[in-house]
Amino acid sequence: MPGVMIAFTPSEDQKMMQDSVAQFARTTLRPRLRQFEAARAVPDDVRKTAHEMGLGLVALPAEIGGAGLGLLTAVLLEEEVAWGDPAAAFGFGGPGAFGFAAHELGSAAQATKLLARFGEADGHSRFGAVAWGEPKAAIDRPGLVTIAKEDADGFRLTGEKAYVTNADRADSFIVFAQVDPALGWSGLGAFVVAKDNPGLTVQPRVTTLGLDAASFGSIILTNAKVSPLDRLLGPEKSGDTALAPTAGGEFDAALVRFFAKNALIMAARAVGLSRAAFEITREYCDTRIAFGKPVGHFQAVAFTLADRAMDVDAARTLVWRAAWLWDSGASERDALLATAYAVSFAHEAAMRAGDDAVQLHGGAGFMRDYPVEKLMRDAKQLQLCGMTAEQADQLAAAIELGRPLDPGAILPSAETQNAFV
């Protein structure tokens with residue numbers, strides 16, 4: 001990647017927003033972290049506050065109903081939220097990955113229509129979801145098992161989608177399905193399916209290792225009918241009418257952009273988690289006395305803390321740089337490569353931070369008197385959200401080696417490695 005100049009000081013407006021969200025995290029999220037975990041949800045009052053702060057629409061362009069503040073502002077704020085509770089952002093109302101998918105894969109008219117309800121007064125009670133993952137890989141061909149068959153009235157979707165974030169909370173889904181099996185990963189389409197569609201069945205949420213305030217599950221599609229005029233998301237970025245997906249080309253590129261930008265949000269949450277684990281552990285090691293001095297004064301402990309501090313700083317810098325490249329209009333290649341670096345490093349750094357936090361707390365680290373055991377569990381699950389470190393590595397390698405960006409190789413799927421989207 002060519003060298004770029006970047007200012008590492010947020011603007012005054014960004015600082016004000018960052019301070020406001022940090023205060024929210026410090027006074028509301030961190031003190032109620034265990035409450036959210038026990039309830040397996042973020043309560044209505046907290047979701048409402050997050051909505052009033054505009055947290056769900058920060059990165060999306062103003063012309064389609066977003067705040068228009070860009071990815072850099074979004075990752076600044078996501079870090080602060082995750083510092084308070086890494087699971088909380090998953091439990092806030094809002095479009096989530098649905099917003100990025102609508103923006104990248106739909107026309108401006110489609111995206112505006114799909115995002116409008118999230119900006120309304122009751123937007124905190126609304127969730128969007130993306131149904132990408134599947135429990136099984138196609139046996140005799142590349143691509144998705146879920147099929148979209150065209151008929152005189154539109155399309156009929158049949159299949160099972162798994163690893164869906166907020167499956168049981170969403171009122172609308174963007175569902176990926178195979179339109180042309182002969183084209184493999186280049187023959188996909190993206191469809192908007194309402195929760196009340198007679199052909200859609202939401203399965204009970206699954207129990208996961210961490211991120212308890214989030215919700216993950218599956219949906220079943222049984223001949224679910226969608227109209228090509230206002231339901232199908234196609235590759236065209238202009239016009240008011242949705243178009244059928246085309247093989248490869250812009251649709252594939254938009255698909256990769258969607259996953260990259262959504263994964264960058266997950267990376268920012270990983271930075272917030274790493275920072276929280278480090279700060280809590282540093283304080284513990286500075287006050288826990290052994291052999292007449294704080295345990296943090298022993299070289300082995302001090303070096304571990306220093307390594308985790310470097311991880312936080314490095315991960316944050318990578319995330320900021322990637323977000324800045326997207327916002328500044330840099331080449332897509334540079335933005336994708338920087339995103340791959342950021343996602344891979346931030347996920348691995350978060351796991352190191354959570355693991356070492358428990359280890360340095362000793363036996364106390366396994367007790368729920370301290371939040372570090374939760375952070376370790378959240379870090380492991382966060383590694384499987386959006387895009388895994390391995391998939392980010394695949395993306396980076398493909399770009400560095402000049403290979404085509406094959407969605408089947410670089411995106412989460414049952415063929416390679418599923419992830420929660």
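I take buried to mean under 20% relative accessible area, exposed over 50%, and partly exposed in between (1.4 Å probe, protein chains only). Helices (H or I, at least four residues) and strands (E, at least two) are DSSP runs, which I number from the N terminus.

**Entry 1: ground rules.** This is a predicted model, so I ask pLDDT of at least 70 for local features and 80 or more for side-chain atom pairs, while totals for chains, interfaces and linings use all residues. I number residues from 1 along each chain as its sequence is written, and side-chain values use heavy atoms, with hydrogens and water left out.

**Entry 2: confidence.** I looked up pLDDT, the predictor's confidence in each residue, from 0 to 100. The protein averages 92, and 93% of the residues score at least 70. I marked residues 234–248, where pLDDT stays under 50. The model still has 43 contacts for that stretch beyond four places in sequence. A contact here is a pair of heavy atoms within 4.5 Å.

**Entry 3: helix H1.** I checked the span of H1, residues 12–29. Its 18 residues reach 24 Å from first C-alpha to last, close to the 26 Å expected at 1.5 Å a residue. The expected span is 1.5 Å times one less than the number of residues. I then listed the buried residues of H1: Gln14, Gln18, Val21, Ala22, Phe24, Ala25, Thr28 and Leu29. They sit on the same side of H1, because they cover an arc of only 165 degrees around the axis. I take that arc from the directions running from the helix axis to the C-beta atoms. Glu12 and Met16 are exposed on the other side of H1. What covers the buried residues includes H2 (33–39), H3 (44–52), H4 (70–84) and H5 (88–91).

Entry 4: I found Pro31 in the loop between H1 and H2. Pro31 is exposed, at a relative accessible area of 55%. Leaving aside neighbours within four places in sequence, Pro31 is in contact with Ala25 and Arg26. I also took its distance to Ala335, 304 residues apart along the chain: the C-alpha atoms are separated by 36 Å. Arg47 lies in helix H3. Buried or exposed, at 14% relative accessibility? Arg47 counts as buried. I noted what Arg47 touches, not counting residues up to four places away in sequence: Val42, Gly91, Phe92, Gly93, His124, Ser125 and Phe127.

**Entry 5: helices H6 and H7.** In H6 (residues 97–105), nine of the nine residues are buried, so this helix is largely enclosed by the rest of the structure. Among them are Phe98, Phe100, His103 and Glu104. In H7 (residues 108–115), I find Gln110, Ala111, Leu114 and Leu115 buried. They are on the same side of H7, because their arc around the axis is only 115 degrees.

Entry 6: I looked up pairing next; two strands pair if DSSP finds at least two bridges between them. S1 (residues 128–131) and S4 run parallel, joined by four bridges. Ala131 has Val175 in S4 as its bridge partner. Both faces of S1 are covered, with Gly128 and Val130 buried on one side and Ala129 and Ala131 on the other. S4 (residues 172–178) pairs with S5 in the antiparallel sense over seven bridges. Ser172 stands opposite Ala194 in S5. Which residues of S5 are buried on each side? I have Leu188, Ala190, Val192 and Ala194 on one, and Gly189, Phe191 and Val193 on the other. That makes seven of the seven residues of S5 (residues 188–194) buried.

**Entry 7: positive phi.** Tyr163 has a positive phi of about 60 degrees although it is not a glycine. Tyr163 is in strand S3 (residues 154–165), and is partly exposed at 31%. Asn166, also not a glycine, has phi near 60 degrees. I place Asn166 in the loop between S3 and S4, where it is buried at 6%.

**Entry 8: His347 and the cysteines.** His347 is in helix H10 (residues 332–361), and counts as buried at 1% relative accessibility. Not counting residues up to four places away in sequence, His347 touches Met266, Ala270, Leu382, Gln383, Cys385, Met387, Thr388 and Ala389. Cys385 is buried, with a relative accessible area of 1%. Cys285 counts as buried at 1%. I searched the whole structure for disulfides (a pair of cysteine sulfur atoms within 2.5 Å). The search finds zero.
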